[in-house]
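Have the structure open beside you and follow the points in order.

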Amino acid sequence: MSKLHIKKDDTVIVIAGADKGKTGKVLKVLVEENRAIVEGVHMVSKSTKPSAKNPQGGIVKQEAPIHISNLSLIDPKSGKATRVAIKHEGKNVVRIAKKSGEEIK
């Protein structure tokens, strides 16, 4: 299993697929499947039965997982897509944006 360049709460941009160009915040990372769920990206319609939470039931729009390779981190300085470099500072590991050289928090 490889390390992923994207973590929860990162702001990412979609670089390939039907939602190309959309940006959003990562809600969840599915490490085993190399996929992430991004807010407002890859929306699918799901039929739901009536429940206490949704007494009407019906069709609900929700985000579906998108492959990590179709996502790129957004540079905190320029706001454009960037690759990620890993830097070791003692025992800490820091992610750095390749475009601007700034630390990704």
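1. Arg95 and Asp10 form a salt bridge, with the closest N and O atoms 2.9 Å apart; the term stands for a side-chain nitrogen of Lys or Arg within 4 Å of a carboxyl oxygen of Asp or Glu. The pair ties together distant parts of the chain, with Arg95 in strand β10 (residues 92-97) and Asp10 in the segment before β1, 85 residues apart. Helices (H or I, at least four residues) and strands (E, at least two) are DSSP runs, numbered from the N terminus.

2. A word on what you are looking at: this is a predicted model, in which local features need pLDDT of at least 70 and side-chain atom pairs count only at pLDDT 80 or more, while totals for chains, interfaces and linings use all residues. Residues are numbered from 1 along each chain as its sequence is written, and side-chain values use heavy atoms, with hydrogens and water left out.

3. Are Arg95 and Asp10 buried or exposed? Both are buried, a label for under 20% relative accessible area, with exposed meaning over 50% and partly exposed in between (1.4 Å probe, protein chains only). Asp10 counts as buried because its relative accessibility is 5%.

4. Leaving aside neighbours within four places in sequence, the residues in contact with Asp10 (heavy atoms within 4.5 Å) include His5, Val26, Leu73 and Lys105.

5. How many salt bridges does a search of the whole structure find? There are three. In one of them Asp9 meets Lys25, the closest N and O atoms being 3.8 Å apart. This pair too links distant parts of the chain, from the segment before β1 to strand β2 (residues 23-30), 16 residues apart. Asp9 is partly exposed because its relative accessibility is 47%, and Lys25 is partly exposed at 37%.

6. Asp19 forms a salt bridge with Lys22, with 3.2 Å between the closest N and O atoms. Asp19 is buried at 15% relative accessibility, whereas Lys22 is partly exposed at 37%.

7. Now look at the strand that holds Arg95. An open antiparallel sheet is built from three strands in the order β9-β10-β11; two strands pair if DSSP finds at least two bridges between them. β9 (84-89) and β11 (103-104) are the edges, each with a single partner strand, so one side of each has no neighbour in the sheet. Six bridges join β9 to β10, and His88 stands opposite Val93 in β10.

8. Which residues have the most contacts inside the largest nonpolar core? They are Ile6, Val12, Val26, Val38, Ile66 and Leu71, in a core of 13 residues. Such a core is a set of buried Ala, Val, Leu, Ile, Met, Phe, Trp, Tyr and Cys residues joined through side-chain atoms within 4.5 Å. β1 (11-14), β3 (35-38) and β7 (71-74) each give two or more residues to this core.
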